[in-house]
Amino acid sequence: MTAPVDATSHLINLRTVSKEYAMGDNRIRALDDVSLTIARGEFVSVMGPSGSGKSTLMNIIGCLDTPSAGSYRLDGQDVGRLGRDELARIRNRTIGFVFQGFNLLARTSALENVALPLLYSGSRAEERYSRAREALATVGLADREHHHPNQLSGGQQQRVTIARAIVNQAPVILADEPTGNLDSATGIEIMNLFVRLNREAGITVIVVTHEREIAQYGRRLIKFRDGRIVSDAELAP
Amino acid sequence: MISPASTLTIALRALRANKMRSSLTMLGIIIGVAAVIAMLSIGAAARQRIADEINSMGSNLLIVFSGSTSSGGARMGTGTDPTISLEDVEAMLRECPSVLDAAPMHSGSAQIVYGNRNWSTGIIGTTASVLHINAWEMLHGRAFTPQDERYSAKVCLLGMTVADELFGAIDPVGRIVRIKHVPFRVLGVLKPKGQSMTGQDQDDVVYVPITTAQRKLFGGTLPGMVRFVMVKATGLHALDQAEQEIVALLRHRHRIGPGQTDDFTVRNLTQMMQIAITLANIMTILLGAIASISLLVGGIGILNLMLVSVTERTREIGIRIAVGAKTWDIRLQFIMEAMTLSLIGGLIGIVLGQAGSIGLCMAAGLPVHVSAAGIALSFGFSAAVGIFFGYYPAHKASLLNPIDALRYE
């Protein structure tokens, strides 16, 4: 069932992870005893209906949230017990986020948006901008660095987000419905960009989607339902 | 950790994004700081004016007034009952160790005539001691000598105003003027002293020897007596001692028994000045406190703006936290925004307040006073206002949950 990878190269390792939320008097179990390993360099698609727990999984993998039970090791480090600022540092160095709604800073140039993670890792201005220019060039937006988000198309905005995700050489890209706000042609462009980053730069890509066509770009498909993994299989190329 | 320069850039960009709102909030701080600066400067100017006044009156002064008379139930005020004699003054100089100098003063008013010009002015009979006590100087000519006083010489010293009115451009020294038809030779002219604190022209006066005043001018009313005595103590700290010595001496000389009231009054000029300075200080503190309230209100404006700003920018904060901003990165960003507002407002306020106070001081005839301490204080205070009122919104922003913040619409 799981992809045949060497245990030492596991980048992401969740062991019996559960997540519970209090909702009024009810307790909602968003993740129920999930164990999952993802190796460096994988391209994983996560599918499931809304409320299946896939967003909670992404938040935990992305260190935006911590498990209620179980352990999560990211790149060999147990992140389940880390404080707020330590999690921020790990997100900054290890995770690149790509959101459905882009989440770019308004009234801020593409270049500044891409350089944002470097601002918080303490890089100096020249280094920030030269690396941000490289990242923009990688996603094919070298000529748009001074454009603000509202001057860019949806596909271009999403590419700025991807540039922001790779600017700090994070080993993992977490993409939550990255094509949800895009037309299908643009969606294909974005997915091809992920494929290229995965193949050429060896970046581990995890894409959450509910569209089967989008999920097909991955080489491994994990299906979620009611907070549990119901299937985990390699996809034919 | 983010660098302060980057934080400042972010703060300026955020403030520029809402120019109208930022400037209105800044206006609150501008008014507050300008009010504080203006009040402190004007207070300092008033204090300076009082200090100048003390120096111009001479320091370490006591005034001893003769008693008061009553006429048909109407009490006539101090100095109307001539109880102090020239012998009393000599005794003070002789027997009171804390008394450095004393000048008997006997005043009245009269018409003074030179040629076809005349002028009504105050005539004061005194001794040359009055010049030493008050640190007055001669502009032309010389002062009285003890001989002039002993022989009741018909000589006089003119104040600048009198000299101008009677002589104009002519040098008055050595000329003969008539006071109450008595001819007097002008010995000299005093240096101008300007207005007193109550607005009186201190140069509209003629000094004659005390004995001359008593025998030739006002002898009929107060023979051999003086209305008041100006006394200079040996030092500021000897003032109370000098007062006690004078009171004891006069009570003894006037045969006033225990339990009976004095037939004279001693006033301590320095005490009066100290009271005036204390009052000026209280006024400054009061005005400063009222002005500080407007600065406080300005600070609350910042607090309000920052709270609105944090709510509006929840998503931005979420993005920043998601890509790695730490608690203090977010906190610093918002504190820096609040401080930028309050410091720019503070600077404009300092300039306006200083300009306003210079204008007011010039209009009110007060010495212009630029208070460096006041400027430093206001600048520090506006920075503190920014930090104080920016901290809570900044703290709130830094503790946002990134998952919720990213979903915020």
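L157(B) stands opposite G188(B) in strand β10 of chain B. The strand that pairs with β10(B) in the parallel sense here is β8(B), residues 155-158, and four bridges connect the two. The model is predicted.

**Strand pairing around β10(B)**

- Strand β10(B) spans residues 182-190 and runs antiparallel to β7(B), residues 138-141, with three bridges joining them.
- Opposite R185(B) of β10(B) stands I176(B).
- In a regular strand, side chains alternate between the two faces of the sheet.

**The β9(B)–β10(B) hairpin**

- Two residues lie between the strands of the hairpin formed by β9(B) and β10(B).
- In this hairpin, K180(B) adopts a positive phi near 50°.

**Helix α12(B)**

- Helix α12(B) comprises 27 residues, numbered 372-398.
- From its first C-alpha to its last, α12(B) reaches 37 Å, which is close to the 39 Å expected at 1.5 Å a residue.
- The helix has a kink of about 40° at Y391(B), shortly before the proline P393(B).
- P393(B) is itself buried.
- Other buried residues of α12(B) include G374(B), I375(B), S378(B), S382(B), V385(B), G386(B), F389(B) and G390(B).
- Towards the end of the list, A394(B), A397(B) and S398(B) are buried as well.
- An α-helix has 3.6 residues a turn, so residues three or four places apart point the same way.

Terms used:
Residues numbered from 1 in each chain as written. Chains lettered and ligands numbered in written order. Predicted model: local features only at pLDDT ≥ 70, side-chain atom pairs only at ≥ 80, totals over all residues. Expected span 1.5 Å × (residues − 1). Bend = angle between axes of the 7 residues up to and from the residue. Buried ≥ 20, exposed ≤ 12 C-beta atoms within 10 Å, placed from the backbone. Pairing = 2+ DSSP bridges.
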